[in-house]
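Please read these notes with the model open.

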Amino acid sequence: MKCIVGLGNIGKKFDGTRHNIGFEVVDELIDRHQLQLDKQKFKGAYTIGLINGEKVMLIEPMTFMNLSGEAVRPLMDYYNIDIEDLLVLYDDLDQPQGHLRLRQKGSAGGHNGMKSLIQHLGTDKFNRVRIGIDRPTNGMSVPSYVLQKFSEDEKITMKKVIERAADACESIIKGETFPNVMNQFNGEVE
């Protein structure tokens, strides 16, 4: 079974913020495939369903971002999911807004959700989709920036990015090799 995790912060006040873009991609997959995030266990909200004929678990941690690993690791252990079947979706300050960057391993790059996952999983060798949100340019602090909602213009771009990231997830679920999916989806979303 594949396991797709979207990172974000719980609570209505965080809906639509830059830091919750991982949740938005999971929500897109849920909508596309008429699933519901209807299960809760080990600090995670999740669903298990079929996407393109393949069994998939979609997870949104119910912790705050910096504790994401506390939700993901126990669910993976409980359902006996291999690290090779994990895909994590999260915001990336180091990518321009509107860019996707798929990687098979790497450091947390300062992202607290990824730090927690790497710590709890005991490895940084797992697949991920980094969703570019750019860095603040007007002197705003990083915490304030990532917890800010997208502007109306940005929402148009990010809707395309969310759809494209969900397309990449579906390609992985179908069984395309990760390097092929990287070649197809890395870069700016048009």
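**Notes on the predicted model**

1. Gln 34 sits in the loop between helix 1 (21-32) and strand 2 (39-41). Helices (H or I, at least four residues) and strands (E, at least two) are DSSP runs, numbered from the N terminus. Phi of Gln 34 is positive, near 50°, and the residue is not a glycine. Most residues other than glycine have a negative phi. Gln 34 counts as exposed because its relative accessibility is 73%. The cut-offs for relative accessible area are under 20% for buried, over 50% for exposed, and in between for partly exposed (1.4 Å probe, protein chains only).

2. A word on the basis. This is a predicted model, in which local features need pLDDT of at least 70 and side-chain atom pairs count only at pLDDT 80 or more, while totals for chains, interfaces and linings use all residues. Residues are numbered from 1 along each chain as its sequence is written, and side-chain values use heavy atoms, with hydrogens and water left out.

3. Asn 52 is another non-glycine residue with a positive phi, near 55°. Its place is the loop between strand 3 and strand 4. Asn 52 is partly exposed, since its relative accessible area is 40%.

4. Gly 44 belongs to strand 3 (residues 44-51). Its relative accessibility is 0%, so Gly 44 counts as buried. Glu 60 is 16 residues away in sequence, yet the C-alpha to C-alpha separation from Gly 44 is 5.9 Å. Neighbours within four places in sequence aside, Gly 44 is in contact with Lys 39, Glu 60, Pro 61, Met 62, Ala 71 and Leu 75. Contact here means heavy atoms within 4.5 Å.

5. Look next at the surface. Ile 10, Met 62 and Phe 64 form a nonpolar patch there, with about 240 Å² of accessible area together. Patches are made of residues with over 30% relative accessible area and no salt bridge; like charges are joined within 9 Å, nonpolar side chains (Val, Leu, Ile, Met, Phe, Trp, Tyr) within 5 Å. Accessible areas come from the Shrake-Rupley method with a 1.4 Å probe, and for residues only the protein chains shown count as cover. Phe 64 is in the loop between strand 4 (54-61) and helix 2 (69-78). Phe 64 counts as partly exposed because its relative accessibility is 43%.

6. Which residues of helix 3 (residues 112-121) are buried? They are Gly 113, Met 114, Ser 116, Leu 117, Ile 118 and Leu 121. Their cover includes helix 2, strand 5 (86-92) and strand 7 (127-132). Just after helix 3, Gly 122 has a positive phi of about 75°.

7. Asp 92 is a charged residue to check in strand 5. Its relative accessible area is 6%, so Asp 92 is buried. The side chains of Asp 92 and Arg 130 are joined by a polar contact of 2.5 Å. A polar contact is a pair of N or O atoms within 3.5 Å; within protein, one must be able to donate a hydrogen and the other to accept it, and residues adjacent in sequence count only if both atoms are side-chain atoms. Beyond four places in sequence, Asp 92 is in contact with Arg 130, Ile 131, Gly 132, Ile 133 and Asp 134.

8. In helix 6 (residues 178-185), the buried residues are Phe 178, Val 181, Met 182 and Phe 185. They lie on the same side of helix 6, because they cover an arc of only 105° around the axis. The arc is that of the directions from the helix axis to the C-beta atoms. Their cover includes strand 5, strand 6 (99-103), strand 7, helix 5 (152-174) and strand 8 (187-188).

9. The structure holds 14 salt bridges, each a side-chain nitrogen of Lys or Arg within 4 Å of a carboxyl oxygen of Asp or Glu. One joins the side chains of Glu 70 and Lys 43 (2.7 Å, N to O). This pair links distant parts of the chain: Glu 70 is in helix 2, and Lys 43 is in the loop between strand 2 and strand 3, 27 residues apart. Another joins Glu 152 and Lys 155 (3.0 Å, N to O). Both lie in helix 5, 3 residues apart, about one turn of the helix. Glu 28, Arg 32, Asp 167 and Glu 170 are linked in a network of salt bridges.
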